[in-house]
Amino acid sequence: MAAKTAIPQLSWGEVRPAPVVLVSGTETVLADRAIRALRDQLKAADPSLEVSDLDAGDYAPGELVTLASPSLFGEPRLIRASNVEKSSDAFIVETLEYLAAPDDSTVLVLRHGGGVRGKKLLDEIRAGRGGGIEVVCAELKRDSDKFDFARDEFRRAGKRITPPALRAVVSAFADDLAELASACQQLISDSSAEIDEKVVDSYYGGRVEVNSFAVADAAIAGRYGEALVTLRHALASGADPVPMVAAFASKVRTMAKLKGSRGADGQLASKFGLSPWQVKRAREELQGWDEQGLVAAIQALAAADAEVKGGGRDPVFALERLVRIVSAKGRD
């Protein structure tokens, strides 16, 4: 992405009509949401909206000009161009020409998923040619961003979900935003009352990540017996050792960040890229942990991670050893 742009850069939830709307970034879920929201806005403004789609990577010369030509009855048009990161030369040339004089009744959406192909076109749009805007749909990497995404899903639907239930559903689908969005929508559509942990568990209690975090929670709290039983149940249910170690790593890493830190939960959340609830929970989990214990846990995690990824002969033994070491430090 260019360091400076002359056009507005908006989040997916801020999308609005413009002669040219560049939807950039690798997060397909957010990009699809933005494009769908834009279509709904235009349709609400004028039900006669004509919607056309073209593939920039399989572009027929003259296609854009034809689709953007004024119609007989003057209906507004929405042209959605996908795969702009795979643009043909003809698409780039003709779109650059179009930007010089965009049609007043047309909104052209350019979906670019990343990469250097089409850079000249993107640079021209970002410089202000065509009077466009950019909707940035970057990958949600931080846990706090995923938590905020899920929370907003329920807020927009007017559904109340308890904080523990929200944490549970985010933990269950943290690795796939599309699955997280789908899980939120299912809970929203199928649940009439307040959504709590029991509701989430009834839908997704078998998810590997939920079991993984349950094991980690018990071990960090020093409840070795519970952690071991939960671990064996998860493994018997088909859990993969790799994400189970990742659950431990996520929690211990957050604890290590916050060890010795002072300040309000919100302040520390902003500093470390976390949500306030993560800070609050990590602080509670740090009770009884010293720096030596965290170092031992991190070393055990590194060893377990290597073993479950092929460096050892027995991934289950590596997990059980990790649970034992972390549980012992949690009781210190």
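**Close-up views of a predicted model**

**View 1. Helix H7 and its buried face.** The buried residues of H7 are Leu177, Leu180, Ala181, Ala183, Cys184, Leu187 and Ile188. Seen down the H7 axis, these buried residues fall within an arc of 160 degrees, so they line one face of the helix. The arc is taken over the directions from the helix axis to the C-beta atoms. Buried means under 20% relative accessible area, exposed means over 50%, and partly exposed lies in between (1.4 Å probe, protein chains only). Helices (H or I, at least four residues) and strands (E, at least two) are DSSP runs, numbered from the N terminus. The model is predicted: local features need pLDDT of at least 70, side-chain atom pairs count only at pLDDT 80 or more, and totals for chains, interfaces and linings use all residues. Residues are numbered from 1 along each chain as its sequence is written, and side-chain values use heavy atoms, with hydrogens and water left out.

**View 2. Span, start and cover of H7.** H7 has 14 residues and reaches 20 Å from its first C-alpha to its last, close to the 20 Å expected at 1.5 Å a residue. The expected span is 1.5 Å times one less than the number of residues. At the start of H7, a side-chain oxygen of aspartate 176 comes to within 2.9 Å of the backbone nitrogen of alanine 178. Cover for the buried residues of H7 includes H1, H5, helix H6 (163–172) and helix H8 (197–204). Contact means heavy atoms within 4.5 Å.

**View 3. Helix H1 and what covers it.** The 18 residues of H1 (residues 28–45) should span 26 Å at 1.5 Å a residue, and the end C-alpha atoms are 26 Å apart, which agrees. Buried here are Val29, Leu30, Ala31, Arg33, Ala34, Ile35, Leu38 and Leu42. Both strands and helices cover them, including strand S2 (20–24), strand S4 (77–82), strand S5 (106–112), strand S6 (133–136), helix H5 (143–156) and helix H7 (177–190).

**View 4. Where H1 meets H7.** The two axes come within 8 Å and cross at roughly 55 degrees. H1 and H7 are therefore oblique to each other. Val29, Leu30 and Arg33 in H1 meet Leu177, Ala178, Ala181 and Gln185 in H7. Axes are lines fitted to C-alpha atoms, for helices over the stretch in contact, and angles run from 0 to 180 degrees between N-to-C directions. Angles under 35 degrees count as roughly parallel, over 145 as roughly antiparallel, 65 to 115 as roughly perpendicular, and the rest as oblique.

**View 5. Where H12 meets H13.** Helix H12 (residues 265–272) and helix H13 (residues 276–285) pack at an angle of about 105 degrees, with their axes 8 Å apart. H12 and H13 are therefore roughly perpendicular to each other. Asp265, Gly266, Leu268 and Ala269 in H12 meet Pro276, Val279, Lys280 and Arg283 in H13.

**View 6. Threonine 106 in strand S5.** Threonine 106 sits in strand S5. This residue is buried, with a relative accessible area of 2%. Its side chain makes a polar contact with the side chain of arginine 77 (3.2 Å). Another polar contact, of 3.1 Å, joins the side chains of threonine 106 and aspartate 103. A polar contact is a pair of N or O atoms within 3.5 Å; within protein, one must be able to donate a hydrogen and the other to accept it, and residues adjacent in sequence count only if both atoms are side-chain atoms. Leaving out residues up to four places away in sequence, threonine 106 touches Pro19, Ala68, Arg77, Ile79 and Tyr98.
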